[in-house]
Amino acid sequence: MRALTVQPGTAGPARIDDLPDPVAGDHELLVEGLALGVCGTDREIVAGGYGWAPPGRDRLILGHESLGRVRQAPSGSAFTAGDLVVGVVRRPDPVPCGACAHGEFDMCRNGRYTERGIKQLDGYAAELWTVETDYAVSLDSRLADVGMLMEPTTVVAKAWEQIDRIGARAWNEPKTVLVTGAGPIGLLAALLGVQRGLDVHLLDRVTDGPKVGAVAALGATYHHDPVTDVAGKLRPDIVIEATGAGSVVFDAIANTGTYGITCLTGVSTAGRTITIDAGADNRQLVLENDVVVGSVNANLRHYQLAAQALAQADLGWLHQLITRRIPLERFADALTARPDDIKVVLTLTDQGR
Ligand code: BGC
């Protein structure tokens, strides 16, 4: 089978390797890879800035935003051949820490968790892959063309869960949410906000193109003015930050409403410094009972929440998020970001195209 591999830690090029077909273990599915979503993390791994190969190896099969069709399932399992599935990204650490022992591996405390396609476990950018039945999630068959949006949806399902839990510490009736960054994470976060009946605003730099169209189609409001202007006027109850850009992050935090919750989801690069008024920011956080929370990854509970959110979403709108579908052999195109991209997808078989 063909698989897209990288050498983590070096900026060497990704390449297609011909590897032996994987063999499913007793409690595993054998899955035909249909498509794979590409995200900033993949590009960072290819650039040598992130990622770890499996122990004793140099190369890693890339890919964590999976979509496949079950070819073979253990008898007695909840899966049958033909099912549409995605594989979970993270696995608990081997100790395990308390969080991992409780199934909350997305909150791993000792950092020894592993991640398919990112950290020490091969990913899903392959024509065939295996996955433990406990870490496979079935998708509604109507999602056959868009199901690779599941993993980023799990990330925002977790972010929303964190926001709900933090909001529940006192009386709370949030009305306005500002999402910064209209990439896949921002747009999917906005989708879940609309599904909750909130007044949803999205902010990005672009002034036209598919992002603006997707926001309008969602019934949310698009802004491209500076964060201080937009958030300063809206005073949002909730901010979901999906750019990872330092100035956007701190301007958003400084402009939430009272009892504001800012959830940070953008994984930024170290070494970019800005000047902030730490006194003013601290004073406001304290006097307004504001909260800033980081959120990464997702556990099985969030996969269920994400599957529900996608099942309720308008299929045409989900299609709008996929702006390029590139066959595996042209992976270099997919790994090169373009300004108008929302989600770029690598197709692994003819069915995935
Ligand atoms: C993935 C997460 C993962 C994180 C850090 C993100 O791109 O969506 O599942 O935990 O990278 O490795």
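User: How far is the polar side-chain atom of Glu115 from an oxygen atom of the ligand?
Analyst: In this predicted model, that distance is 2.6 Å.

User: How much of the ligand does the protein bury?
Analyst: The protein buries 90% of the 310 Å² that the ligand exposes when taken alone.

User: Which residues surround it?
Analyst: The ligand is surrounded by Cys39, Thr41, Tyr50, His64, Val89, Arg90, Glu115, Ile118, Glu151, Val155, Val296 and Asn297. By type, that shell divides into 6 nonpolar, 3 polar and 3 charged residues.

User: Asn297 is in that list. Where does Asn297 sit in the fold?
Analyst: Asn297 is in the loop between β17 and α9 (300-312).

User: Buried or exposed?
Analyst: Asn297 has 7% relative accessibility, so it counts as buried, the cut-off being under 20%.

User: What about its phi?
Analyst: Phi of Asn297 is positive, near 65°, and the residue is not a glycine. Most residues other than glycine have a negative phi.

User: Where else does a non-glycine residue have a positive phi?
Analyst: Asn289 has one, with phi near 55°. Asn289 belongs to the loop between α8 (278-287) and β17 (291-294). Its relative accessibility is 49%, so Asn289 counts as partly exposed.

User: Peptide bonds next. Which residues does the cis bond join?
Analyst: The cis peptide bond joins Val95 and Pro96, with omega about -15°. Pro96 lies in the loop between β7 (90-91) and α2 (98-101).

User: Switching to helix α4. What span should its 12 residues have, and what do the end C-alpha atoms give?
Analyst: Helix α4 covers residues 184-195, and at 1.5 Å a residue it should span 16 Å. The end C-alpha atoms are 16 Å apart, which agrees.

User: Why is α4 called largely enclosed?
Analyst: Because 9 of its 12 residues are buried, α4 is largely enclosed by the rest of the structure. Those buried are Pro184, Gly186, Leu187, Leu188, Ala189, Ala190, Leu191, Leu192 and Gly193.

User: What follows the helix?
Analyst: Gly197 follows α4, and its phi is positive, near 80°.

User: Now His201. Which strand is it in?
Analyst: His201 is found in strand β13, residues 199-203. At 7% relative accessibility, His201 counts as buried.

User: What is around Asp83, then?
Analyst: Asp83 lies in the loop between β5 (65-72) and β6 (84-87). Apart from neighbours within four places in sequence, Asp83 contacts Gly68, Arg69, Val70, Ala78 and Ser138. The Asp83 side chain also reaches the backbone nitrogen of Thr80, at 2.9 Å.

Note on methods
Residues are numbered from 1 along each chain as its sequence is written. This is a predicted model: local features need pLDDT of at least 70, side-chain atom pairs count only at pLDDT 80 or more; totals for chains, interfaces and linings use all residues. Side-chain values use heavy atoms; hydrogens and water are left out. A residue is near a molecule or strand if one of its heavy atoms lies within 4 Å of it. A polar contact is a pair of N or O atoms within 3.5 Å; within protein, one must be able to donate a hydrogen and the other to accept it, and residues adjacent in sequence count only if both atoms are side-chain atoms. Accessible areas come from the Shrake-Rupley method with a 1.4 Å probe; for residues, only the protein chains shown count as cover. Ala, Val, Leu, Ile, Met, Phe, Trp, Tyr, Cys and Pro count as nonpolar, Asp, Glu, Lys and Arg as charged, and the others, Gly among them, as polar. Helices (H or I, at least four residues) and strands (E, at least two) are DSSP runs, numbered from the N terminus. The expected span of a helix is 1.5 Å times one less than its number of residues. Buried means under 20% relative accessible area, exposed over 50%, partly exposed in between (1.4 Å probe, protein chains only). Contact means heavy atoms within 4.5 Å.
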